[in-house]
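User: I would like to learn how to read cores, cavities and pockets in a model. Could you walk me through the structure below?

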Amino acid sequence: MTRTAICNIPVDVLTMQQTLDHIEDAITRRKQIQHVVINAAKVVHAQKDPGLRNAIVNCDIINADGQSIVWASRFLGKALPERVAGIDLMEALIALAGKKRYKIFLLGAKEEVVKKVADIYTAQHGAGIIAGYRNGYFKPEEEAQVAAEIAVSGADMLFVAITSPKKELFLDEYNDVINIPFTMGVGGSFDVVAGLTKRAPRWMQRIGMEWFYRLAQEPRRMWKRYLIGNSAFIYLVLKEKLKFKH
C-alpha cells in the first residue's frame, strides 16, 4: 500500500475495493488488522491530541472518510483515488460476513440501538453472523473486561460505534487483548442502521455536503464540530500548501 499524509496525518491511497481486498485477505489469513477513518474534524483534533494521533498512526489501514480529505489531497498534490466512507465500508463488510459466514461483534451506542442493529443483521444474514454485542456505556475501569469479552466471542470483525477519540484510544490500548482479525471504529453508524438518523441523499454525498445534512438534523450538537472544525481544517490545509511553496 502507498501512504501519504494530509496535515501531518497519514492516509492510505486506496479505493473501496482495494480496502475490502486487504481486509478479506487479513481475515482469511487470520492476520490481525486495525482500521481507522479520518475526516476533517479528526485531523484537526489530532493536531492537539497526541494520544489520538498515535492511535491513528498505529493503524494498519487509514482511509479518507470525509470528502474534504479527498479534496484536500488533490489541492495539495497528493491525490487520493476516492472517499472510503466508514459506514459504506462497514455495510460492505457486513455483506461479506453474511456471504463468507464470518462472525461480527457490535460495540457501542445505547442498548436498545445496538440490539436493534444486531436484530437487523440477524434478519438479513442469519443468527450465525452475530458473535456478540454490547452497548457503548462503560466506565474506564471496565474497558479491560469489555476487551476480554470481545476476545472470547469468536468474532472475526469488531465494529465500534463510540464517539471519537474514545473509540480510537480504546482500540489502540486493547488491540492485543481483543486479538481478532479485524477491528474498526464506525462512529454513529449504528444510529443510521437502526433508523435513528438518516444519511444525506447520494447527490449530497457526491458533492461533499453530507456534513451539512447532518448539521441540519442535529444543529445544537454538531454546529461546533462542522462550522468551527471545518474552518480549522481549511486553515491547516492552506498552511500546508503555503509551506510547500516556500
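This is a predicted model: local features need pLDDT of at least 70, side-chain atom pairs count only at pLDDT 80 or more; totals for chains, interfaces and linings use all residues.

User: Which residues have the most contacts inside the largest nonpolar core?

Analyst: The general idea is that nonpolar side chains tend to be buried together in soluble globular proteins. A nonpolar core is a set of buried Ala, Val, Leu, Ile, Met, Phe, Trp, Tyr and Cys residues joined through side-chain atoms within 4.5 Å; buried means under 20% relative accessible area, exposed over 50%, and partly exposed in between (1.4 Å probe, protein chains only). Here the largest core has 35 residues, and Leu93, Ile104, Leu106, Met157, Phe159 and Phe190 have the most contacts inside it. Two or more residues each come from α1 (16-28), α5 (86-100), β5 (104-108), α6 (111-125), β7 (157-161), β8 (182-185) and α9 (189-193). The largest share, six residues, is given by α5. Helices (H or I, at least four residues) and strands (E, at least two) are DSSP runs, numbered from the N terminus.

User: What is Ile104 in contact with, beyond its neighbours within four places in sequence?

Analyst: Contact means heavy atoms within 4.5 Å. Leaving those neighbours aside, the partners of Ile104 include Ile94, Ala97, Tyr121, Ile129, Met157 and Phe159. Another core, of 23 residues, lies apart from this one, with Ile6, Ile56, Leu76 and Leu236 among them.

User: How many cavities of 30 Å³ or more does the structure hold?

Analyst: One. On a 1 Å grid over the protein atoms alone, a cavity is a set of points where a 1.4 Å probe fits but cannot get out, whereas a pocket is an open set with protein on both sides within 12 Å along at least five of seven lines; lining residues have an atom within 4 Å of a point. Grid points are joined across faces, edges and corners, and a volume is the space filled by probe spheres set on the points. The largest cavity holds about 50 Å³ of space. Its lining includes Gln34, Lys42, Cys59, Lys167 and Glu168, and β3 provides the largest share, four residues.

User: Is Lys167 buried or exposed?

Analyst: Lys167, in helix α8, is buried because its relative accessible area is 7%. Its side chain makes a polar contact of 3.3 Å with that of Glu168. Such a contact is a pair of N or O atoms within 3.5 Å; within protein, one must be able to donate a hydrogen and the other to accept it, and residues adjacent in sequence count only if both atoms are side-chain atoms. Not counting residues up to four places away in sequence, Lys167 also touches Lys42, Val160, Ile162, Gly185, Val186 and Gly187.

User: What about Ser153?

Analyst: Ser153 sits in the loop between α7 (143-151) and β7, and its 18% relative accessibility is why it counts as buried. The Ser153 side chain reaches the backbone nitrogen of Ala155 at 3.2 Å.

User: Which element gives the largest share of the lining of the second largest pocket?

Analyst: Helix α10 (residues 202-206) does, with three residues. About 220 Å³ of space lies in this pocket, and its lining includes Met16, Glu82, Arg83, Asp88 and Arg206.

How values were computed: Residues are numbered from 1 along each chain as its sequence is written. Side-chain values use heavy atoms; hydrogens and water are left out.
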